[in-house]
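Please consider the sequence and the three-dimensional structure shown here.

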Amino acid sequence: MHFSTATATASLFTFFSLASAGAVPPYPGYKVLWADEFTGEAGAHPSYSKWNYAVNTNTNNELQTYTTSNSNIQLSGGSTVQFVPRKDPATGKWTSGRLESQATFTPAANRTTLVEAAIRFGDLASSQKKGLWPAFWMLGDAIHHGTPWPRCGELDIMETINGAMTGYGTVHCGGDANGAAVGGPCNEPIGKPNTVALPDYGWHTWSLSIDRTNPGGDWRAEKISWLLDGTVYATMTGAEINDEGVWATLARSPLFIILNLAVGGDWPGAPDANTMDGYGNMMEVEYVAVMEA
């Protein structure tokens, strides 16, 4: 089965009810290569065999300090993991959580790779979410081996900022001829963003498909698609990038998964006096899965 704009619709990938948390949906023709359903006792840490805590990360002029504390990242006891921003009432400093998968995933030739998570957000009003930046995304593993951003490649599956009812799926890649993180096929540092309306803060599935099933193996016809609740809202082909080496960083090279909730930074700006910490502004994830057809 091929996962394409024509076939990846709500009728194929029916949005499963998440009232009973924990299960990766069984999509016809797909096998699960890797998954975490976040089972365990309330307050426990996510699996140390699947995730690294990223605690020494400081990018985008963000304000938070990432920690390993279960006040910032914890299993809920109901087969979910919760990323909870916290503000120290004495100092005004923020802490939060970021997980990075230990495994890497290389999209296989003649296959379609699907990376998906079910996510919801805390139900505080948007006026109380200024400066918050939850995200589900992937980076090229080359960044761990000396290749700088954005040349390592980045695929953002879901980002939202400031509680706005918009989801973003963005590509970052390449750079200019001198190696600077500007310009290039992905228009850095802005990247190539796609947007979709966020219906509400409740449970939704966010997916990214990398389709390498094109006849003849021509990289120009390979396709990356972004989906919300099983419906494609954006696509990009190798031909649009128009550089085989750059495309390879996005669709033919090892990638790892990141889940995080940032506070502040260049894009959302700083929190204001109305921004609340705690569960009302958390990001909660029911499962993350990598599948292949």
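The paragraphs below treat a sheet, then aromatic pairs, then charges placed over rings. The model is predicted.

The sheet is open and consists of seven strands, arranged in the order S2-S8-S17-S10-S11-S12-S13 with antiparallel pairing. Arg98 stands opposite Asn260 in S17.

A search of the whole structure finds six aromatic pairs. In one of them, the ring centres of Phe38 and Trp51 are 6.2 Å apart and the planes stand at 20 degrees; the pair therefore counts as stacked, as the angle is under 30 degrees. Phe38 belongs to the loop between strand S1 (31-36) and S2, whereas Trp51 belongs to strand S2, so the pair ties together parts 13 residues apart in sequence. Both Phe38 and Trp51 are buried. Ring pairs also join Trp34, Phe38, Trp51 and Phe105 into a cluster.

Tyr168 and Trp267 have ring centres 4.8 Å apart and planes at 75 degrees, so this pair is edge-to-face. Tyr168 lies in strand S12 (residues 166-172) and Trp267 in the loop between S17 and strand S18 (283-292), 99 residues apart. Trp267 is partly exposed, at 35% relative accessibility.

The charged end of Arg86 sits over the ring of Tyr279, 5.1 Å from its centre. Lys129 lies over the face of Tyr201, 4.7 Å from the ring centre.

Definitions and conventions: Residues are numbered from 1 along each chain as its sequence is written. This is a predicted model: local features need pLDDT of at least 70, side-chain atom pairs count only at pLDDT 80 or more; totals for chains, interfaces and linings use all residues. Side-chain values use heavy atoms; hydrogens and water are left out. Two strands pair if DSSP finds at least two bridges between them. Helices (H or I, at least four residues) and strands (E, at least two) are DSSP runs, numbered from the N terminus. Rings of Phe, Tyr and Trp (its six-membered ring) pair if their centres lie within 6.5 Å; planes under 30 degrees apart count as stacked, over 60 as edge-to-face and the rest as tilted. Buried means under 20% relative accessible area, exposed over 50%, partly exposed in between (1.4 Å probe, protein chains only). A charge sits over a ring if NZ of Lys or CZ of Arg is within 6 Å of the ring centre and within 35 degrees of the ring normal.
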